[in-house]
Amino acid sequence: MQQPAAPPPAQPPPAPAGNAPPKQVAQALEQLGQAGRLIADVRLGADRLLEALFFVAEKPHHQYSAKCLNLILKEESLMRQYLVNLRAIGRQLEESGVLNDSLRSRSNSWGLHMPLVCPDGAVVAYAWKRQLAGQAGASAVDRTRLALKAFTDQKRQFFPHLADDSVLEPATKKHCCPLPISYEEIGDLKTVSDMLSHLEKEVPNLQACTYQRMEWLKRASSLPSSANENPTESTKDLSFPSTSKWREHPEMHAADKAAVIELLLPSVFRAIVSLHTAGSVDPDAVAFFSPDEGGSHLHARGFSTHHVFRHVSEHASMALQFFISAHPKMALQLLLHWVCSYQTLFVKMCSKCGKLLAMDKQSGLVLPPVKRPYCFTSATSTSKNSPTEKCNLNLIQAFHIGCFSEDT
Amino acid sequence: MPIKWILHWHPNPGTTVNTQILSEVSQCAESINGVKEGRWKTTLSFYKAMAREQSIVNEFPRDFVGISLAEQPGKYFLVIRGQRLVVEAESSIQMIMEKLQSYKTRVALNFEVKLTLVQGNQYQLGDFQLRVGKVVPMNSENLRGIVMEMEYVPISSWEKSREVMADFFELWQEALSKRSLPGHFVHNEPNFADYGLSDQYGMQHTAIQYANITAQIVATSQLQPPRN
């Protein structure tokens, strides 16, 4: 990336948009450097905390344990401060357009070539030329940006229940709504086959199947992935033998060793749920894809090529974490039900703004409402009638990313 | 296949289409975070039967169009709108058709072919793809019209995509209306069932949409004097 010689470090900018491009670059550089230093501080602080905790745990009545406890308290407040500062810098960088894609998409990207970070982490210096610059081309800006990106991606992946701003705030009141099906109904569904047959009765057009892991991988790779495939031919090929495997041969052990559940709502979505040990009822990952997508990236921890499904998958991971922690014995039933609420993905308006499509500020993309609340209270629905059950699923509200907040 | 709506520019009565409008539309696409990706081109061939006797000419359909689409240059689509026929063929059929013309039959019939290009830039907006193109006769720079392709990649069912596409079209119209252009985009929905096509979107659906707007393109290009 071409950069002019960095001017002397600037004061925190009051209005970054008003500054000349070279100054913006310098400020962004400095902020990224600060962010890098803060991340290092956080790491060191975490090490010290762990050390102190180990020490106290091993020798609880040691003469130094009081000192250690003080150290822990002091370190904790320091860490909080670092994280607050890091968040502030992150916001500044976002506002100036460095961290999100909107700067890259604007045709006047400061008059400089914006480096492109490929999905595998490689940094390409000239996006429009698509050249591989190699490590020599990766500047400090690129490396810090990669580090920050990896940091937030991993946090999102391994701690999905930690919303971006909830670490330091007290637990906010969650957006809760009554359970869409009654506890008595769910209690009866013990096996995966029971759950899936119940679901297929409730949700029209749903096709639910189970697979063992290798089976699923083969099927995923054989699904047509090109948009140019003749659509009528490909739908014929999808009458896969394993579709009815779990229904026609209940005595077969294949269903008991199911490790992957596929929920296909034709023309809307294909959701993949993976079970922790094959044959159990404990879900451990979920992902959404377009029904026309195919390929080996189609698995419960994979990412769709479409933005809308990527966002839904992210939200689904948080929902899954919630179900596992709040209702561990019914996590799978709740998850499957909640997944089916996405049957209205492309038709249901947002319950907050009343529109179907909206421009998401953070990503700069036009998306339908991809969020659905998953925090259910224990109020049971009173009626067991099938039509009412169907209505309940459709009563689950939908929200755009920007319209969804935890404490509505 | 991703759903696509083909839109054509309908100038206000008394106004004509010009390159200024084209550049405003392109800028509008960029203003809603569209990322310019490259060029695209669709070729439309208008076939007109020619013979000495008018009576023979009248027997032949007047709305016979051949379409070559940007994403599949190896295929050629033939549409006769009046009879709701659409055929997908290899692009080599154009050679066969040329050779047929010189085949001696009892009635000497030639087809006059007018080639028109629709070409322009394409923009990526997340899961949407917008293509803005100008309609120009082959070997000419005279702007005859503006055509847009609006594509949503995640869905391939025409019925299921209706609300999303309509909403996006509204969003697009809103963004454009801020520029006070003398005209607006129009989407006419053909009845695909009449052509024997299913709800699953495919290239034949696109070909039919193009065939539908050709009548408008021909009409407006004949009415206006050529303008740059």
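A nonpolar patch is made of residues with over 30% relative accessible area and no salt bridge, whose nonpolar side chains are joined within 5 Å. The exercises below apply this and related terms to a predicted model.

**Exercise 1. Find which residues make the nonpolar surface patch of about 310 Å², and explain why Leu53(A) has enough accessible area to belong to such a patch.**

Solution. Step one is to name the members: Leu50(A), Leu53(A) and Phe54(A) together make the patch of about 310 Å².

**Exercise 2. Describe chain A as a whole, stating how many helices and strands it has and what percentage of its residues count as buried.**

Solution. Begin with the secondary structure, which in chain A consists of 12 helices and 10 strands. Next, consider burial: chain A has 408 residues, and 43% of them count as buried. Finally, among the contacts in chain A with a separation of 6 or more, 64% are between residues 24 or more positions apart.

**Exercise 3. Characterise the interface of chain B and chain A by its contacts, its buried area and its polar pairs.**

Solution. Start with the residues involved: 27 residues of chain B are in contact with 25 residues of chain A. The area buried between the two chains is about 2,200 Å², and carbon and sulfur atoms give 59% of this area. Helix H4 of chain B, residues 162–177, supplies 5 residues, the largest share of the side of chain B that touches chain A. As for polar features, the interface has 0 salt bridges, while 7 residue pairs are in polar contact across it.

**Exercise 4. Decide whether Ser156(B) is buried or exposed, and state which side chain it joins in a polar contact of 2.4 Å.**

Solution. First locate Ser156(B), which is in the loop between strand S8 (145–152) and H4 of chain B. Its relative accessibility is 3%, so Ser156(B) counts as buried, the cut-off being under 20%. The side chain of Ser156(B) is joined to that of Asp292(A) by the polar contact of 2.4 Å. Beyond its sequence neighbours up to four places away, Ser156(B) also touches residues of chain B, including Met1(B), Ile3(B) and Tyr201(B).

Technical notes
Residues are numbered from 1 along each chain as its sequence is written. Chains are lettered from A and ligands numbered from 1 in the order in which they are written. This is a predicted model: local features need pLDDT of at least 70, side-chain atom pairs count only at pLDDT 80 or more; totals for chains, interfaces and linings use all residues. Side-chain values use heavy atoms; hydrogens and water are left out. Patches are made of residues with over 30% relative accessible area and no salt bridge: like charges are joined within 9 Å, nonpolar side chains (Val, Leu, Ile, Met, Phe, Trp, Tyr) within 5 Å. Accessible areas come from the Shrake-Rupley method with a 1.4 Å probe; for residues, only the protein chains shown count as cover. A salt bridge is a side-chain nitrogen of Lys or Arg within 4 Å of a carboxyl oxygen of Asp or Glu. Buried means under 20% relative accessible area, exposed over 50%, partly exposed in between (1.4 Å probe, protein chains only). Contact means heavy atoms within 4.5 Å. Buried area is the accessible area (1.4 Å probe) that two parts lose on being put together, summed over both. A polar contact is a pair of N or O atoms within 3.5 Å; within protein, one must be able to donate a hydrogen and the other to accept it, and residues adjacent in sequence count only if both atoms are side-chain atoms. Helices (H or I, at least four residues) and strands (E, at least two) are DSSP runs, numbered from the N terminus.
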